[in-house]
Amino acid sequence: MPAPLVEVRSISKTFTRKAKAAGGSVTHKALDAVSFSMTTPERIALIGPSGSGKSTLLRSISGLHTIDRGEGMVTVLGSTVQANGRLSSDVRAIRSRMGMIAQQFNLVGRLTLFTNVALGFLGKISGLRSLMGLWTSQEKQTVMRALNHVGVAAMAGQRANTLSGGQQQRGAIARAIVQGAEIVLADEPVASLDPVTARKVMKLLVDLNERDKVGVIVTLHQVDYAKTYCNRILALKDGKIVYDGPAAGLSDDILKDIYGAEIEDAYWGEPHA
Amino acid sequence: MASGSDERGMLAPPTAPLTTRLANLLVLLVVVSLFVISFRGAGIPGVHLLVTKAANTGSYLKDFLHPDFGDWQLYIQKMWQTIEIAIWATGLSIVVAIPLSFLSSRNIAPAWIVQPVRGLTALMRAFPDIVLGTAFIVAVGLGPLAGVLALTVSNGGTLAKLFSEAVENIETAPVEGVRATGGSKLHEIVWGVVPQVAALWTSFALYRFESNARSATVLGLIGAGGIGQLLFDNLNGFAYSQVSAIALIIVVAVTLIDILSQQIRKRLV
């Protein structure tokens with residue numbers, strides 16, 4: 001039996017911040033013994049109100065957050081990302097097989113879109129070539145193909161900070177393609193985009209999953225987007241998974257339990273596939 | 001009455017708490033006291049000498065109004081040497097400042113490295129250029145090299161601090177973006193940090209170059225080469241017409257450097 005693409009086993013994450021008023025520090029448990037796994041390339045939507053732990057879960061999977069010490073463990077593509085509050089020494093190699101797309105695009109504004117996308121090779125090349133940006137002609141072609149695929153090849157020579165949010169987000173997806181990512185983690189990728197652009201970005205993620213068999217885990221604020229573009233939904237509330245099942249099974253009663261009085265806001269933005 | 005009830009319901013405009021107002025008053029008192037205390041120490045009572053010894057100033061200015069450009073080729077050559085000192089001092093101080101800036105940035109290096117490196121850069125900035133120049137004249141002898149080394153040390157410290165402040169104010173998202181691709185710590189710095197600070201760093205370096213061109217002139221006074229040394233020699237010989245010509249060349253050169261540097265900096269940031 002092949003190893004799961006992603007396996008999250010009983011992970012918790014507590015944030016501690018200094019607070020004068022509380023006379024010391026305040027702790028907040030963002031994740032509380034969360035477990036789930038993805039065995040085949042699915043499109044999983046993480047939903048839940050603000051502060052429910054969606055982004056923390058995603059960042060824990062990529063090892064950008066270290067989880068609390070204990071029995072918790074994150075495994076991706078058969079390799080351990082972190083366990084017992086410690087990152088694996090192989091985390092760089094595992095990250096090179098995961099694409100990360102963020103709400104604020106995570107592109108370097110003063111670099112061209114081409115260079116930003118070519119940074120997807122960093123996990124695979126080393127030495128001076130990776131530091132000087134000496135991409136081979138084959139790598140350059142791969143970058144242009146990826147940019148062409150997401151529809152922004154014409155902007156390849158433009159600085160990232162001169163592009164619109166949608167163009168930057170498509171650039172981030174192109175970077176994941178260049179990486180040859182087997183898993184894509186997208187943290188609220190459409191939160192800063194208008195509905196038309198948001199739908200285009202979501203369709204690209206669907207395309208990555210269906211065409212290239214890439215597993216996609218995406219945090220979304222809008223329930224409609226989650227139901228339309230994802231086949232499995234994980235709903236979080238107060239750091240715990242309160243629903244894990246097919247998109248079709250997410251009833252209004254369950255949503256009311258998750259969002260409470262904010263249920264109307266959760267439906268903001270009606271996507272049309 | 002609608003307006004009356006509105007006004008009754010309105011909150012009173014905010015006022016600063018008494019402690020804040022007292023603190024502001026205290027700051028004002030401290031500043032005024034500092035000026036009063038340092039009045040004699042700074043020699044301010046002697047300001048009347050400007051009027052009583054106006055004849056000396058007049059004689060000085062008379063020669064000054066007739067600059068002698070007889071040795072203009074020498075003046076230009078020495079001015080160029082001063083600029084060369086500034087170019088090398090700026091270049092070397094950038095080389096010194098870049099690693100020190102990363103090592104003194106809290107978002108890059110651990111605290112046990114940051115604190116000692118910050119101490120070192122503070123020490124580099126602590127000594128006036130003249131003191132460092134004198135020390136390097138003892139080490140390498142009279143001439144421009146002493147000036148280059150003195151300015152490298154003091155500017156290395158200053159640029160390290162300015163560069164490090166720029167590094168500490170970067171956006172973290174692009175750096176995380178590089179990390180998420182599987183990039184190493186060095187990749188994060190080269191691709192995530194440097195592109196964000198490069199323009200500001202260049203602006204700071206150009207500003208320091210302007211400053212170095214002026215400082216290199218002053219260092220010439222203690223024998224560290226360049227036009228400053230020529231200026232000092234002519235001042236000692238009471239050759240005010242030559243001093244006037246040299247001063248004009250310095251003013252023109254430094255102004256041109258300032259304008260050029262400002263234009264480049266405007267385009268960068």
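This is a predicted model: local features need pLDDT of at least 70, side-chain atom pairs count only at pLDDT 80 or more; totals for chains, interfaces and linings use all residues.
Let's start with chain A. Look for the open sheet there. Six strands form this sheet, and the pairing is mixed. What is the order of the strands? Reading across, the order is S7-S8-S9-S3-S10-S11. Two of these strands sit at the edges: S7, residues 98-102, and S11, residues 240-246. Each edge strand pairs on one side only. The sheet also twists. From one strand to the next, the twist averages 15°.

Now zoom in on one pair. Strand S10 of chain A covers residues 232-237. How do S10(A) and S11(A) run, parallel or antiparallel? They run antiparallel, and six bridges join them.

Over to chain B, and to helices. Take H5, residues 72-103, and H10, residues 185-220. These two helices of chain B pack at an angle of about 145°, with their axes 8 Å apart. The crossing of H5(B) and H10(B) is right-handed. Which residues meet? On the H5(B) side, they include Thr82(B), Ile83(B), Ala86(B), Ala89(B) and Phe102(B). On the H10(B) side, among them are Ile189(B), Ala205(B), Arg208(B), Phe209(B) and Gly220(B). By class, the contact of H5(B) with H10(B) has eleven nonpolar residues, six polar and one charged.

What is the handedness of the crossing of H4(B) and H12(B)? It is right-handed. From H4(B), the contact uses Tyr60(B), Asp63(B) and Phe64(B). From H12(B), it uses Tyr240(B), Ser241(B) and Ser244(B). The classes in this contact of H4(B) with H12(B) are three nonpolar, two polar and one charged.

Last stop: where the chains touch. Here 17 residues of chain B are in contact with 22 residues of chain A. Which elements of chain B give two or more residues to this side? Helix H9, residues 172-180, and H10 do. H10(B) gives the largest share, seven residues.

Terms used
Residues are numbered from 1 along each chain as its sequence is written. Chains are lettered from A and ligands numbered from 1 in the order in which they are written. Axes are lines fitted to C-alpha atoms, for helices over the stretch in contact, and angles run from 0 to 180 degrees between N-to-C directions. Helices (H or I, at least four residues) and strands (E, at least two) are DSSP runs, numbered from the N terminus. A crossing is left-handed if the near helix is turned anticlockwise from the far one by less than a right angle, and right-handed if clockwise. Two residues are in contact if their C-beta atoms, placed from the backbone, lie within 7 Å. Ala, Val, Leu, Ile, Met, Phe, Trp, Tyr, Cys and Pro count as nonpolar, Asp, Glu, Lys and Arg as charged, and the others, Gly among them, as polar. Two strands pair if DSSP finds at least two bridges between them.
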